[in-house]
Amino acid sequence: QLESFNSAQNRDLVRAFLLFKQVVSHAQAQRLFKSGPLESMVLPDPIEVYTQFQETTAGWHTVDALSYLDFKVFLAGNVLFSGDHEFMSAGVEQRFPFLDNDLAAFAASLPVEIRFSMFSLKRILKNALETWTQRDGIPMPKYKKMGFEIPVQTWMRKGVFAEKIDQTLLKNPFLNRDFCGALLKEERSGKNNHDRKIQNIYALGRFLTEVREQ
């Protein structure tokens, strides 16, 4: 992702941010579909999702502008949206205490140099909770950050899920078998990590198949 951001250094900030966030590029989307279905489709440039906010963020500090784009696009349309569906499908109400309106507004009002550092992530949060991470005045041991991840790569390479992926990506009437097959080959050989890309294409393939059958 950093490579994508750096490669866009001659473009405008919004375009660079899009390239940093995207999973399937606009150019790859042209190759993702078979020629027949592709001819009947209109594939809008996803930059439109961000450019609608350019006027609002004009003249803002880079950190403020990118944070605003994250709030409006990535947070609302991806993280919160999918998270809500996943939790509610199991009857669990998900809470986001750090998104309290007053707390978020206060954090956004702080000077950029205080709330953002390239080399010290979440600095304010760590300082605020410092006393809570001590025992008798002694700091607790530091642990390496671990994400809450599921073994997607393992599932993609063998077992029932791998079979479902092959069925959806390689036999879908809308998707380009050669393009999808190349992604799967690189993923399973360890040559490249395409797990997020394959997950998204798999979801899209299932969606297109179900809509076609209705």
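**Reading cores and helix contacts**

Modeller: The largest nonpolar core has 16 residues, and those that touch the most other members are Leu 32, Ile 165, Leu 169, Cys 180 and Ile 201. Please bear in mind that this is a predicted model.

Biologist: What does Cys 180 touch, not counting residues up to four places away in sequence?

Modeller: With that exclusion, Cys 180 touches Leu 32, Leu 169, Leu 170, Leu 175 and Ile 201.

Biologist: Is Leu 175 buried or exposed?

Modeller: One compares the relative accessible area with a cut-off: under 20% is buried. Leu 175 has 1% relative accessibility, and therefore counts as buried. Leu 175 lies in the loop between H12 and H13.

Biologist: Which residues surround Leu 175 by contact, if those up to four places away in sequence are not counted?

Modeller: Leu 175 touches Leu 32, Phe 33, Lys 34, Thr 168, Leu 169, Cys 180, Ile 201 and Gly 205.

Biologist: Is Thr 57 buried or exposed?

Modeller: The same cut-off of under 20% applies. Thr 57 has a relative accessible area of 10%, so this residue is buried. Thr 57 belongs to helix H6 (residues 54–57). Leaving aside residues up to four places away in sequence, Thr 57 touches Ala 65 and Tyr 68.

Biologist: At what angle do the axes of H2 and H7 cross?

Modeller: The axes of helix H2 (residues 13–21) and helix H7 (residues 62–88) cross at roughly 50° and come within 11 Å. Angles under 35 degrees count as roughly parallel, and 65 to 115 as roughly perpendicular. H2 is therefore oblique to H7. The crossing of H2 past H7 is right-handed.

Biologist: Which residues make the contact?

Modeller: H2 contributes Leu 13, Val 14, Phe 17 and Lys 21, while H7 contributes Thr 62, Ala 65, Leu 66, Leu 69, Asp 70 and Phe 74.

Biologist: How do the residues of the contact of H2 with H7 divide?

Modeller: Seven are nonpolar, one is polar and two are charged.

Technical notes:
Residues are numbered from 1 along each chain as its sequence is written. This is a predicted model: local features need pLDDT of at least 70, side-chain atom pairs count only at pLDDT 80 or more; totals for chains, interfaces and linings use all residues. Side-chain values use heavy atoms; hydrogens and water are left out. A nonpolar core is a set of buried Ala, Val, Leu, Ile, Met, Phe, Trp, Tyr and Cys residues joined through side-chain atoms within 4.5 Å. Buried means under 20% relative accessible area, exposed over 50%, partly exposed in between (1.4 Å probe, protein chains only). Contact means heavy atoms within 4.5 Å. Helices (H or I, at least four residues) and strands (E, at least two) are DSSP runs, numbered from the N terminus. Axes are lines fitted to C-alpha atoms, for helices over the stretch in contact, and angles run from 0 to 180 degrees between N-to-C directions. Angles under 35 degrees count as roughly parallel, over 145 as roughly antiparallel, 65 to 115 as roughly perpendicular and the rest as oblique. A crossing is left-handed if the near helix is turned anticlockwise from the far one by less than a right angle, and right-handed if clockwise. Ala, Val, Leu, Ile, Met, Phe, Trp, Tyr, Cys and Pro count as nonpolar, Asp, Glu, Lys and Arg as charged, and the others, Gly among them, as polar.
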